[in-house]
Amino acid sequence: MSKLKKGMALFISLIMLFTLISCSGKKDDSDDAAKTEEKPEELYSMVVFSKGSEYFNWTYAGFVDAAKSIGSHIKTELVGPPEVDAAAEAKAMEQLIAKDVDGIAVTSADSATLVSSINKAIDDGIPVISFDVDSPDSKRLTLVGTDNVSFGEKAAEIANELVDGEGQVAILYVPGNVDLEKRLNGFKDKCAEEYPGVEVVAELNHEGEVVQAEKVTMSLLQSNPDIDVIFVTEGLGAAGVAAAVRSLDMGDNVDVIASDFNTATNDLMEAGEVAATIVDDPYFIGYYAFLNLHAAAHPTDRPSDNPPFGYVVSTGIYCPISGVMAEDLADGTIADKYLNPPSFD
Amino acid sequence: MRSKQENNKKLFLLNKLKSLDVQNYVLIVLMILLIVSISFVNPKFLRLRSFEAMINNYTLEGIMALGMTLVIISGGIDLSIAGIMPFSAIIYAYLIKAEINIYISMLIVLIIALFLGFINNFLRSLLKVHPFVVTLAMQLTLKGLNLVITDSQVITDFPENFTKLSNVKILGLSIPILVLIVLVIFYGVMLSQNRYFRYVYFVGSNPRAAELSGINTRRYFRFIYMQSGLLAGIAGIIACFIFNSAHASYGTGIETRVITIVAAGGASMIRGGIGNIRGTVLGLIFISMVYSSFIMSGISTYYQDVVTGLLLILAVVFSEKFREINIKTNIFKKREEENV
Amino acid sequence: MAEILICEKICKSFSGIEVLHDVDFSVKEGEIHALVGENGAGKSTLMNIISGVIKPTSGKIYKHGKEIVLENPLDAFKEKIGIVHQELSIADNLTVAENILIGREPINKLGFIDRKELNIQAEECLNIMGISIDPRIKAGSLSVGLQQVIEITKVISKNIEILILDEPTSSLSEKEIQNLIQLLKRIKEERNLSIIFISHKLNEVEILADRTTVLRDGYVIGTLKREETTIPKVINMMIGRDLDYHKSMLSKNDFGNVILKADRLFGKGFSDISFEVREKEILGVFGLIGAGRTEMACALFGYDKLNSGEIMLKGNNLVIDNPKKAVENGICYVTENRKELGLFLTKSLKYNTIASSFEEFNKFLGVMNEKKADIVAEKYVKELQIDPPNINQNVFEYSGGNQQKILISKSLAAHPDVLIVDEPTRGVDVGAKEMIHSILRELANNGMAIIMISSELPELLKLSDRVMIMHEGIQKGTLKNDNLTEEDVMSLAYAEG
């Protein structure tokens, strides 16, 4: 009896496995009828870390939509670990090379670990471009991402508006994180050039973390109550800063500028605890990452800068940066653009 | 007398056949099914290239699985490898960046790794707790330490003599693969031929009896955990070879994958004394093939762990069941003899 | 024949309690010396001392007239004393040859095992033992009997002079036992080996032993020469206790109706067992370790599987496939292994008392009715005179006797009609023993049917109205306790067939 049960269990799991495998292989075959015969199928892969996060789901949404605009013979896939794990991304790259995909867009959990697998793909004739987090030392063809200097400049612009040309600013960032350092410097340089009345009086390390951001802000505001604006250079810290301001009851004196737009930022802005946020555009990044990748995979007669690949914007493509003020939220378009991305699994 | 000898011969042949564990057969069958079904979906799966990718992807796991095989045969477990491996990679990266000779740096890292293995066993025997707890604590401590010393930043820009070495290929094989092959052969030969290595079967199946037979089990367990630490150290250095950089996240989930490989290879978690390198190698190929088949067939890797888990249970249930049946038939035989 | 080993005035205490008292024991060259005694008589302790596993509290050991000190088992091997423990130490995954020659494998220049030489040497060892097994096969594929032989081969091949066998036949079939006996006789002759043979099986002792030493309660009762050794005599020496102390506690009742009737029960470790037990009756079940009595009880209680047979409870046919069902139907089992299978040591007395009857204390959504539990626990503390009478004290803080009472109260709280008690007084001191006996009798007088399993004959004869005798899984018979003597029971237990 028990032997029978075990046999059944075995049989069922085997069936499960193989149906899973064979079903998925034919996942996209339903719309094949419309496929034009002369165009062979092409497959482009997007490699991410933190797979399933809002941000990368928006980038992949852009990637998919751009692929659709080329034609139904273009297939895409999203691979990568759910953790921040560059080694696991390298594993995925290795397999994609073996699978001989037509192009790879990759964002690196750290800038160095993926260098050798990116180079390997390029050497194998597979076009690779970076998006979002760059891997500048690799042979990747280009980067589609965010210009962090203008990101900082945008923040400076808004800070200037908020304080009416005269005020003290504190900036929270993570030393050693190149992107955040760029945002910090962009802010400072812009102020030095254009807004002499806006003065950066503190640059603090909040370790990219809510709790640490709260602690840092607490001690900052206690020692220096004259601060007018706090700019948090990444997406998570704003909640901690807002909490510190709230508990010191200094909401009327201090304006918080956040980065990125997520559910937490949305709530804080609606509550009036965050005055503005600076946003880049993941959908744009995904969309243009695909278009570049497709171009790289289809060289034309005109000589390109990266033979044997097609022409790409080798200087990089940067997405627009915009400042969102609390009053912009009213009509809901911002929320539609940045919250609740389509999900992929 | 004659018939007895013939009988012995038969028994011997039967044993030879049985020596390839049931679980190994199960794995081979599953692998064939996997290969057939995946290559049906994506014919590129059959290229040499994809096999190479499989091995490339599981070099680190493969190296550590060898040490884990011994640990598991001895009836223990070593979770600390997920901490020791990235720790070694980071220390090695710092050493070579400090312009210390790359070979001397290796030696230093390996000594540290051995020492960490020593500490594992020391705490295990001192506190008399299950190695699960001690090695888990070691893993957490080192993972934390890795973040502290690197500030979660990647260490890169290795000196040129190292990057040159990391690009060396012998017979078309990269250094990581060569190291894996050499270690597999070494462990395979030692565990089947070397007397000291083979004691692990005694220690694992009956530590008290092993002690009474003149094996210093205290020293032996020290050896077991130290060699596991050493292999994690080697894997750490190899990680630097593969990535040309070092990062605290390198060990993420690696202990689970290593244990899965060893368990899939037929080493028994339920009682010690069972397992071998051949099984572990099969387990390695199997697990990396499962991973590869996901990307090859384009199924979301979210399902990967689900399927790996199911397959593992399947393989284990199968082999434990068969072992039981084996034992039962032996008893049965005994009863039959009696009745004759 | 010269005496090869002499033990002089060996004493051993465990945490202040002396378990061996001035034991004198000697072995001659080339003799098989049997060591017999009831459970707890001190046989294993003595053998552990001789094989260096434990050290004596006082006393001396001489070998060839020279004093030796054994600090650990390796010392004993150096003195050419080898022991084969009751539990086998075979590594299943290694070959027969490796198992025999562990620690002494021939190696080549590279430090690898020289398999050719290894197999040749192992073959030689096996030849000496007169058995033909291929040394290359895995030990795990052999039957238990052959594994036992491998184990003996392993020990003997170390050129030992004294071989200690601790119950070597306990897990062997009848045929394997006969083979082993032949083997031991032969190697004794061929190698002039001295063998110390511990056994519960007196017929084996009678066949094999040149001399037999009987231990009881840590004392040497006497040593018999071969021609003096008869089973009744040995039994007499083994159990010759002070009979006054065993004042009979037999029932004066008329028994009531049959409550439990078992018909031709077969299961793992026992076969063809039939019995019935009535209200107000205590049915004793006698058997030594390995007789299958605990296995039978576990099957009755639904803890183990019953292969075939019928159980009738109050005339109704009943299938008991799990302990819960047994308890629901009024059958409770008090285990012999109270620490591992009986009690929750780190929980309070109260919790333990109600552990078998939790559902009665459910108030609402699984919340325990503490008050009711208190009342029930207090009741049993009073009835069974548990000391100290603190229902919130953790069980591990109680003495063995009181733990046993708590264990019984756990079963009683489930209101059983049939109570199966397995070795109810094991590890319990004399005073508590008396008290447990009277509690059991009292319970029976109040209408309960009790099945009492024990390997202590005096206890059985004192309490049981009838005694069922089991031996090696077989029911040897049931005797009415009408001035039954221990000799009656023992001779039935060891009767042929």
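Arg49(B) sits in helix H3 (residues 48-57) of chain B. Helices (H or I, at least four residues) and strands (E, at least two) are DSSP runs, numbered from the N terminus. The model is predicted: local features need pLDDT of at least 70, side-chain atom pairs count only at pLDDT 80 or more, and totals for chains, interfaces and linings use all residues. Residues are numbered from 1 along each chain as its sequence is written, chains are lettered from A and ligands numbered from 1 in the order in which they are written, and side-chain values use heavy atoms, with hydrogens and water left out.

Is Arg49(B) buried or exposed? Arg49(B) counts as buried, at 18% relative accessibility. Buried means under 20% relative accessible area, exposed over 50%, and partly exposed in between (1.4 Å probe, protein chains only). Set aside the neighbours within four places in sequence, and Arg49(B) is in contact with Glu94(A), Ile97(A), Ala98(A), Lys120(A) and Asp124(A). Contact means heavy atoms within 4.5 Å. Gly67(B) is 18 residues from Arg49(B) in sequence. In space, the C-alpha to C-alpha distance between Arg49(B) and Gly67(B) is 28 Å.

## The interface of chains A and B

Here 46 residues of chain A are in contact with 49 residues of chain B. The area buried between the two chains is about 3900 Å². Carbon and sulfur atoms give 62% of that area. Buried area is the accessible area (1.4 Å probe) that two parts lose on being put together, summed over both.

Between chain A and chain B, 13 residue pairs are in polar contact, both residues being at pLDDT 80 or more. A polar contact is a pair of N or O atoms within 3.5 Å; within protein, one must be able to donate a hydrogen and the other to accept it, and residues adjacent in sequence count only if both atoms are side-chain atoms. On the side of chain A that touches chain B, the elements giving two or more residues are helix H1 (2-25), H3 and helix H4 (115-123) of chain A. H1(A) gives the most, with 13 residues. By class, this side of chain A has 18 nonpolar, 11 polar and 17 charged residues. Ala, Val, Leu, Ile, Met, Phe, Trp, Tyr, Cys and Pro count as nonpolar, Asp, Glu, Lys and Arg as charged, and the others, Gly among them, as polar.

## Salt bridges across the interface

A salt bridge is a side-chain nitrogen of Lys or Arg within 4 Å of a carboxyl oxygen of Asp or Glu. By this rule there are 32 salt bridges over all chains. The interface of chain A and chain B has 3 salt bridges.

Lys91(A) forms a salt bridge with Glu61(B), with the closest N and O atoms 2.4 Å apart. Lys91(A), Glu61(B) and Arg257(B) are linked in a network of salt bridges.

## Salt bridges within chains

Lys99(A) and Glu77(A) meet through their side chains in a salt bridge (3.0 Å, N to O). Lys99(A) lies in helix H3 (residues 86-99) of chain A and Glu77(A) in strand E2 (residues 74-79) of chain A, so the pair ties together parts that are 22 residues apart in sequence. Lys99(A) is buried, with a relative accessible area of 5%. Glu77(A) is buried too, at 9%.

Glu194(A) forms a salt bridge with Lys190(A), at 3.2 Å between the closest N and O atoms. Both residues lie in helix H6 (residues 178-194) of chain A, 4 residues apart, about one turn of the helix. Glu194(A) is partly exposed, at 43% relative accessible area, whereas Lys190(A) is buried, at 14%. In chain C, Glu281(C) forms a salt bridge with Arg278(C), the closest N and O atoms being 3.4 Å apart. Glu281(C) counts as buried, at 0% relative accessibility. Arg278(C) is partly exposed, at 25%.

## Chain A as a whole

Chain A holds 11 helices and 12 strands. Of its 345 residues, 51% count as buried. Among contacts in chain A with a separation of 6 or more, 73% are between residues 24 or more positions apart.

The domain assignment of chain C gives domain 1 (3-239) and domain 2 (257-494). Such bounds come from an automatic or database domain assignment. The C-alpha centres of the two domains lie 36 Å apart.

Gln393(C) is in the loop between helix H13 (370-383) and helix H14 (400-412) of chain C. Gln393(C) is buried, with a relative accessible area of 15%. Beyond its neighbours within four places in sequence, Gln393(C) is in contact with Lys347(C), Ser348(C), Leu349(C), Pro388(C) and Tyr398(C).
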